[in-house]
Structures are given as C-alpha cells and as structure tokens.
Amino acid sequence: MSRDIEHLVCTDADGSSTALRDLLDAQRSDFLSAGPPSSALRRDRIDRLILLLTENTDEFSAALHADFGNRPHAVNLLSDVVGILPDMKATRRHLEAWMRPKRITSGLLMGMPTVVEKKPLGVVGVIGPWNFPISLVVQPAASAFAAGNRVMVKFSEVTARTAELFAAKVPEYFDPVEMTVITGGADVGAAFSALPFDHLFFTGSPGVGAKVAAAAAQNLVPVTLELGGKNPAVIAPGADVPAMAHRVMAARVANGGQICLCPDYVFVPRAKVDSFVTAALTRGRLAASEDGDAGLVSIVDAKNFDRVTSLIEDARARGATVRDAGTPLDRTSRRIPPTVVLGVTDEMHISREEVFGPVLSVLPYDHLDEVCAYVTARPAPLAAYWYGKTDSDFETFCARTQSGGVAVNDFALHCAVMEAPFGGVGRSGSGAYHGKTGFDTFTHHRTVTRSKLPVSFAELITPPYGPLLPRVLRAYIGWERRTAARRTSRRRRDPDPA
C-alpha cells in the first residue's frame, strides 16, 4: 500500500470528511484502473475474510464479551463467526456461475441478440450495528466482494473494543484499496453516510436508517436498509401452549433480547393466557439461572439498560401487570430478568417502541381477525412468527399481514436459510441479501443489445413519417383492445372459473 493511504487508514477515526473521501477516492481509482476482478481474486478475498474471522476468533470473542459486559463465548462464536460461514462458503462456491452473462433468447428471435452483463458497482459502504458487530458487516462485505466491489466499513461505536480490534486486524489481510474499516462516533457515521458510494448497506434502527437514507439521497446513492420493528408472534388455536411458550420466551431472551428478529409481542388465545405466561416464565427462569459468564447476555450499555427498564416502568405506571423470572434487576451487570407484560394498551410506550431487551408483551385474542387488524394497523415488522399448525388460519394470517419474513414454530428460521433472500419491507427495511440475492444487490445488471434488423428504430421514429407506421400501430392497439375485451367478457359471465 502507498504511504499516503496507510496514513489515512491509521488516522481515519478523527471523522474528517476529507480523509474519508480520500479513502473512497483511493478505492475507486484502484477499482477503475484494475477493472472487474477475476473469479479467482474474488474467491481469494472471501477466503481472506474467512481467515480474518477464524484466525482471530478468541480475540474477537473476548472483545465482544468486554463490550457487552457479559456475552458468553458460545454466543459470540455462533452469532458472529460460525453463523455466517456457510453463506460465505456457498457464495464463494457459486460466484463464478453468478458472474456469467445471461443471454436473452427472445432477443435473438427478434433480431436483437441481447446479453445481461453482471458488472461490479464499484465501492460499497457498509454500516454495521452493535448487536452483532462482526457478522453483520462481514456477511454483506463477502457479498460485495463476490460481486467484484471494494468495501469500506463503518463499525458501531457502541461496541468500541470490537471495532478497534477489527480495524487493527483488517490491514493484516487486506490492502486498504480492497477493504478498510472506519471507527468513531455519530459524527463519523454522518460523514460516512454522506460519501458518494456506489451502494450503501446499513443495518440498524429505523430512526437512524432514515437519516442514513436521507444523507445518501443527496448523492443519489442506492441504499439497502436492514432495520427492525415490533415483530409479532401468534399462538394458534389448538397449539401446544406450554411447549410453544418455551420457544417464544427462548427467542425473546436470545442475545439478551437484542436481536432485530426477536418477537416483541405475542398473541395468545384468551383462555390460554395464564398457561402461556406460567410456561414462559418457567423458561425465563431457566435462562436466568446460570450465573457469571454463562448467564444471560447483558444489555450492551447503561443507556440501553435505562431505556428498556423505562419501558417496563412506563407500562406498569399506566396499569400493566408486569411479571418477571424472579432474578434481580441489576444495573451494575446490566442484566434484566426475562419479563412478561400483560394488559398493554396503545398509550404505553412499549406498545410502539421496539424493546430490544428480554421483555415480552402478551396480548389475548378471541378471533384471528383481531390479530390481523392489530398487525396491519402498525408498520410492517421484519419478522412474523406463527406457532401451531399451518392450516387455513395460518394461510389467512400470511395473506392478510405484511412482514419481511415468516417463521413457523421456531425463531428466525427464514434468516437461517441462506439461499433465501433476507430483508424487511416498509419501515423494517428495503432490499435484501444472503446467497445470490446478496450478489445481485451489489451487482449492476447491464443489458447489451445488438441489432441484426434490416430497419432502424431511430429511422422509424424520426421525421419524415410515412403512412404505414400509424396504420400498423393502430392495428396493434385494436388487436390488444379486442383481446382484453374478450377476457373481460368471459370473467363477467364466469367470475370464478375452475
């Protein structure tokens, strides 16, 4: 690497817009001069990402544990290393096939041979969250590398130890014109969002996502937003309530409840609410029974601890019934016992704000119509959960509600299938990634068409116009009109054809 770029990488945390722009320009200049990378180089970059993760696993785990106050080693390994390796390996294996141009056969028949090229975009910016600070920057970075791009990463300042360690390790594996890491606070994040990337990928809250999208819009930068929301769960009529309550509560307390996919509230048949709550708190007590490093993941910092506890107290003050697993609320260790809130009403903050802690609202229902009406009256969540049989009620729930994905009888299954696209909708996000979808997100599909026609389109639509063209166009319009009229007439006679 050049001495100038090395200096910029070492001093990038000061938040200087000029320094950040120089880093971007260095990556873009090298990208343009080198041209699209070969499949071998793309695979090599993914391999180096895998080595970055696997050769420094224990150090990353220790940093994550320190950042959270308590985050067990097994959680760190699963969520920030092991969980994303299958997707990275599959991406590496398939990228050569994904890179191949696609020939449009209908174009050849029309005398216009057409090929869709898979072109890299250029320089991709990735802004990561604090709840899974490593995996949720490495996974999109791997997709961006597979598509042939360069990558700049902005780590969350909330997990500062992990950010600084990752930033220190990256130069051992990548030249800064391939990948560089930016650390720093909100001012650095704002400057980073305002850079003229070729694509910007953000994972975080809807509130911050809106600011990132607004900043990117000033440069017309396309943005993928992976956000969150208040994810509903439904215990279906006829479900095994105690068993499903254990699963819902386990999902609620995963990573201390600090996952954008955690269920925020659960609908339970009214007659079975007591049974659900008893079983859920039993599972919560089991999760909270371990002491020390093997116990519940701590809330990441005092600010978030106070925010979650204030949601509980606001609900209690407004008439909700609050029950917990019985372990003490500890601000020193930032541990909140698994908690159930009953009697939630719309004026309570917990009914509107994503909790991001081990707190589950329980709402009784009598008819599925109530559930669908409640969910659709609110912003579309990132995930929806159904616990029970996939019968006609399930089909109705899926048809009448909107969400980024749906999982049945377990937590985050739709995210775990890496060949399927993962993303939100509406306020829970825009765009998707994982597998080939991730490759396509960071790829420009450029259409290249040649003409073998005896006539020129340009000549046809340029004066002087002969009498033939209007007659041909009117004849075609008439044919389409008659065809549509016949279809409409048939539907009127037989509105529900077999």
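A412 counts as buried because its relative accessibility is 13%, where buried means under 20% relative accessible area, exposed over 50% and partly exposed in between, computed with a 1.4 Å probe on protein chains only. Although A412 is not a glycine, its phi is positive, at about 60°. The residue is found in the loop between β14 (405–408) and α17 (413–416); helices (H or I, at least four residues) and strands (E, at least two) are DSSP runs, numbered from the N terminus.

H434 likewise has a positive phi, of about 85°, without being a glycine. H434 sits in the loop between β15 (429–430) and α18 (435–441), and it is buried, with a relative accessible area of 1%.

## Basis of the model

The model is predicted: local features need pLDDT of at least 70, side-chain atom pairs count only at pLDDT 80 or more, and totals for chains, interfaces and linings use all residues. Residues are numbered from 1 along each chain as its sequence is written, and side-chain values use heavy atoms, with hydrogens and water left out.

## Overall architecture

The secondary structure of the chain comprises 20 helices and 16 strands. Along the principal axes, the C-alpha atoms fill a box of roughly 85 × 75 × 35 Å. Of the 498 residues in the chain, 52% are buried. Among contacts (heavy atoms within 4.5 Å) with a separation of 6 or more, 74% involve residues 24 or more positions apart.

The chain exposes about 22,900 Å², and carbon and sulfur atoms supply 57% of that area. Accessible areas come from the Shrake-Rupley method with a 1.4 Å probe; for residues, only the protein chains shown count as cover.

## Annotated active site

An unreviewed UniProt entry lists E226 and C260 under "active site". UniProt positions are given in the numbering used here, feature names are shortened, and annotations may be inferred rather than shown by experiment. Although the two residues are spread over 35 residues of sequence, they cluster in space, with a largest C-alpha distance of 9.2 Å. Both E226 and C260 belong to the lining of the largest pocket. On a 1 Å grid over the protein atoms alone, a pocket is an open set of points where a 1.4 Å probe fits, with protein on both sides within 12 Å along at least five of seven lines; lining residues have an atom within 4 Å of a point.

E226 is placed in strand β7 (residues 223–226) and is buried, at 3% relative accessibility. Beyond residues up to four places away in sequence, E226 touches a set that includes F201, F202, T203, F422, S428 and Y433. C260 occupies the loop between α12 (241–253) and β9 (263–269); this residue is also buried, with a relative accessible area of 17%. With neighbours within four places in sequence set aside, the contacts of C260 are N131, L227, G228, N231, E354, F356 and L382.

## Salt bridges

The structure holds 23 salt bridges, each being a side-chain nitrogen of Lys or Arg within 4 Å of a carboxyl oxygen of Asp or Glu. In one of them, D44 pairs with R48, the closest N and O atoms being 2.8 Å apart. Because D44 and R48 are four residues apart in helix α3 (residues 39–54), about one helical turn separates them. D44 is partly exposed at 35% relative accessibility, whereas R48 is buried at 15%.

D264 and R252 meet in a salt bridge with an N to O distance of 2.9 Å. D264 lies in strand β9 and R252 in helix α12, so the pair ties together parts that are twelve residues apart in sequence. D264 is buried at 2% relative accessible area, and R252 is buried at 0% relative accessibility.

The side chains of R307 and E353 form a salt bridge of 3.1 Å, N to O. Since R307 lies in helix α14 (residues 302–317) and E353 in the loop between β11 (339–342) and β12 (359–365), the pair ties together parts that are 46 residues apart in sequence. R307 is partly exposed, with a relative accessible area of 22%, as is E353 at 31% relative accessibility. Elsewhere, salt bridges with shared partners join D44, R45, R48 and E178 into one network.

The peptide bond from P463 to P464 is cis, with omega near 0°, and P464 lies in the loop between α19 and α20. I461 is found in the loop between α19 (457–460) and α20 (468–493) and is exposed, with a relative accessible area of 61%.
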